[in-house]
Amino acid sequence: MLLFFGIYFYSQWGIGGTILLFSSILFNYTIGILIDKIPANKKRPLFIFGITANVLYLAIFKYFLFVWGVLSDLRIEFGESPLLWKPNILLPIGISFYTFHNISYLIEVYDKKIPVCRNFFTFVLYDMFFPLLLLGPIERPGNLIPQIESERFISKDNIWNGLSLFCFGVFIKSSIADPLSRYVGIQVGSFLSLEPGILWIVAPTIAFQVYADFFGYSLCAMGLAEMLGFELMNNFKRPFFSSNPSEFWSKWHISLSTWLRDYVYIKLGGNRHGFVRENINLMFVWFLTGIWHGAGYGFIIWGFYLGICLVLYRILKHLGLTKLQNKVFTGIGILFTFYTFSIGLLLFRINSPKESLLILENLRTFPSWNQIPFMLLLIILPLFLFDLWQEWKQTDRPTFFVTTKPYLFSVILVLSFFWFSLVSPFAKEDFFYFQF
């Protein structure tokens, strides 16, 4: 049943993408079986072939057009005519997520951390489990495959807790992310026509928009999975309460940051070869993070920008300049970390390196009070209060109190419905991470 709904769900975006996904599944299932069967001295070449094929598969569909555009831009710079012909390559939805799924599976099988999956239907469902098929979280095979293979017992608490997470995910997507998206779209239609200093307001708005959008999807995925008897990893852990970049990236898009840590950073040597090599490894990981998010100049610059921010913090920590801890310094650190991340998100929207200079020019001026849309503060209030409550409880996973305090939950549900009725734009807005 789960497999059928996974196929049906993904096929809504076209049968071509489903065929490509099945091709990737069949290839990785076969490589995993062969790695387990063949002699030890032949495993490494086959493993490298499997990883390389997955990377090329992702690169062709996600980055070929970008490279083609760069070549065309270079021809223009050297006084030649641009490349007029352009290949028609459509980007399959969720390709980054399910390709990373398969790469982690091959690595875990090769390192003998998990047994090879011999049941083909189990492996297909590992990639086509519909709650996380499009935007993750990027579940590890050692967590998801055993849950698929084992018997699941669904309790009343599973249903109610899962339903509450799903509803809250839809609520913050439609009542917070979508209205903020409308405001951002109006303000940064073009970087050439910005009001002076407006990006100091737009940047944190984008941060809350992206957070509400992606966190909302993650909650929906967790809620659906819990109603089906599965437990997915928590992808966010109140990142805007982080007081430094290192802490922030341990709480934001956790499935991706831990994936890159375990399968790229540690494989490159991590921090085992000195401080300089450690930071070179970090910069490479952040370069990959940038291009993973998308094929464009802005994503590459964004990756380097955040990598530099993290390296600078680690240098300060290495010099012992971060030891002073009190409420004032923590508050300053939270504000600085938040704005560092927020300004970085502006880079997602640039179409050429030159537009980054327009961002810097705008940020030289601070906005006036009459430019601040205080309605935005009201829109983000429910999400801020929820995170503040979860931070106070120090929960590892977002939780509600459906069964323990049903009357209080009912009041919150009614208030949320009225809030949704007043604030939601009631229009179709794609999830922000669909483009990745």
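A residue counts as buried when its relative accessible area is under 20%, as exposed when it is over 50%, and as partly exposed in between. Keep in mind that what you see is a predicted model.

| Residue | Relative accessible area | Class |
|---|---|---|
| Cys220 | 10% | buried |
| Cys309 | 17% | buried |
| Ile308 | 44% | partly exposed |

Cys220 is classed as buried because its relative accessible area is 10%, under the 20% limit.

How many disulfides does a search of the whole structure find? The search turns up zero. Cys220, for one, takes part in no disulfide: the nearest cysteine sulfur belongs to Cys167 and sits 8.5 Å away.

The largest nonpolar core is made up of 112 residues. Within this core, the residues with the most contacts are Tyr105, Phe129, Val202, Phe240 and Trp252. Helix α8, spanning residues 199-227, supplies the largest share of the core, with 17 residues.

Leaving aside residues up to four places away in sequence, Tyr105 touches Asn28, Gly32, Ile114, Val116, Cys117, Phe123, Tyr126, Pro141 and Ile145.

Finally, the surface. A nonpolar patch there is formed by Phe304, Ile308, Leu312, Ile315, Leu316, Leu319 and Leu321, which together have about 650 Å² of accessible area. Ile308, one of these patch residues, lies in helix α12, residues 297-318. At 44% relative accessible area, Ile308 is partly exposed.

Conventions. Residues numbered from 1 in each chain as written. Predicted model: local features only at pLDDT ≥ 70, side-chain atom pairs only at ≥ 80, totals over all residues. Heavy atoms only, no water. Disulfide = S-S within 2.5 Å. Buried < 20%, exposed > 50% of the residue type's maximum accessible area, 1.4 Å probe, protein only. Core = buried A, V, L, I, M, F, W, Y, C linked by side-chain atoms within 4.5 Å. Helix = DSSP H or I, 4+ residues; strand = E, 2+ residues; numbered from the N terminus. Contact = heavy atoms within 4.5 Å. Patch = residues over 30% accessible without salt bridge, like charges linked within 9 Å, V, L, I, M, F, W, Y side chains within 5 Å. Areas by Shrake-Rupley, 256 points an atom, 1.4 Å probe, with all protein chains shown as cover. Salt bridge = Lys/Arg side-chain N within 4 Å of Asp/Glu carboxyl O.
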